[in-house]
Amino acid sequence: MMDNVHVSQHPLIQHKLTLLRRTQTEPKKFRELVHELSQFLFYEATLDLRLETVDVETPLARLEGQHIATHIGLFPILRAGLGMVDPILDLIPTAHVWHLGLYRDHTTLQPVTYYNKLPPESDVDLCLILDPMLATGGSAVAAMDILKKWGANRIKFLGLIAAPEGVTTLHHAHPDVPIHLAAVDSHLNEQGYIVPGLGDAGDRQFGTG
Ligand code: PRP
Ligand code: URA
């Protein structure tokens, strides 16, 4: 695997990803699994967060404790990335959330931006782009282009399933950006779906298939 591309081998992630893929998994269960998988991925992707020392008092003594000094921004790509926001906010409630509206044109598979309302200046130290699916890579590359133009200096991509084509495209366009995934599948089909994948992640979360 390429430098900067991290595919989790954690048994809990592999187990839950298998449940997520199953056709019989209904939207409620699907959302729960996206929730749990997002927390595990976030945990693995944040091993390098910066810590600061803080003085605390326990009932018995004073000590120098630690707190996270990195300001995190979450950038879910609509729609499917939405399901990854709440589970991560549960773990890091101070994160800022900025939504990026991108969809793939069905015939060209090119990303189309329909919502992007970032503040005038970047106010976070680390931007996490959230999208369960990395297919051609077009949406993720477009999201990173937007964030870099905006002034983001550190970005990571968190996704559940990727096609090899998407990983290569994203890595070549933005080699500095770590990519964290639960799996890299076999290939893309002619309609640009990941095989074996899980189908349409937005439709499966929101019951719109
Ligand atoms: C899906 C997915 C990604 C994109 C991946 O969104 O959630 O954003 O496709 O494909 P790519 O790597 O080829 O760009 P979709 O366009 O279906 O939009 P939706 O979530 O609003 O349904
Ligand atoms: N988007 C999805 O939701 N699934 C795919 O397989 C490809 C793009």
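User: Which of the 15 residues around ligand 1 come nearest?
Analyst: Those are R104, D131, T136, G137 and S139. A residue counts as near a molecule if one of its heavy atoms lies within 4 Å of it. Keep in mind that this is a predicted model: local features need pLDDT of at least 70, side-chain atom pairs count only at pLDDT 80 or more, and totals for chains, interfaces and linings use all residues. Residues are numbered from 1 along each chain as written, chains are lettered from A and ligands numbered from 1 in the order written, and side-chain values use heavy atoms, with hydrogens and water left out.

User: What does R104 do with ligand 1 at the atom level?
Analyst: A polar side-chain atom of R104 is 2.8 Å from an oxygen atom of ligand 1. From the backbone, an N or O atom of A135 lies 2.9 Å from a ligand 1 oxygen.

User: How much of ligand 1 does the protein bury?
Analyst: The protein buries 90% of the 500 Å² that ligand 1 exposes when taken alone. Areas come from the Shrake-Rupley method with a 1.4 Å probe.

User: And which elements supply at least two residues each to that shell?
Analyst: β4 (72-78), β6 (100-104), β9 (133-134) and α4 (138-150). Helices (H or I, at least four residues) and strands (E, at least two) are DSSP runs, numbered from the N terminus.

User: Which backbone atom comes 2.8 Å from a nitrogen of ligand 2?
Analyst: An N or O atom of G199. Polar backbone atoms of I194 and A201 each lie 2.8 Å from an oxygen atom of ligand 2. The protein covers 89% of the 230 Å² of accessible area that ligand 2 has on its own.

User: Switching to the fold: where does β9 sit in its sheet?
Analyst: The open sheet has three strands in the order β9-β11-β13, with parallel pairing. β9 and β13 (183-184) are the edge strands, each pairing on one side only. Two strands pair if DSSP finds at least two bridges between them.

User: Which residue of β11 is the bridge partner of L134?
Analyst: A162.

User: How do β2 and β3 pair, parallel or antiparallel?
Analyst: β2 (residues 51-57) and β3 (residues 62-68) are antiparallel, over seven bridges. A four-residue hairpin joins β2 to β3, and V56 has L63 in β3 as its bridge partner.

Technical notes
Polar contact = N/O pair within 3.5 Å; in protein donor to acceptor, adjacent residues only side chain to side chain.
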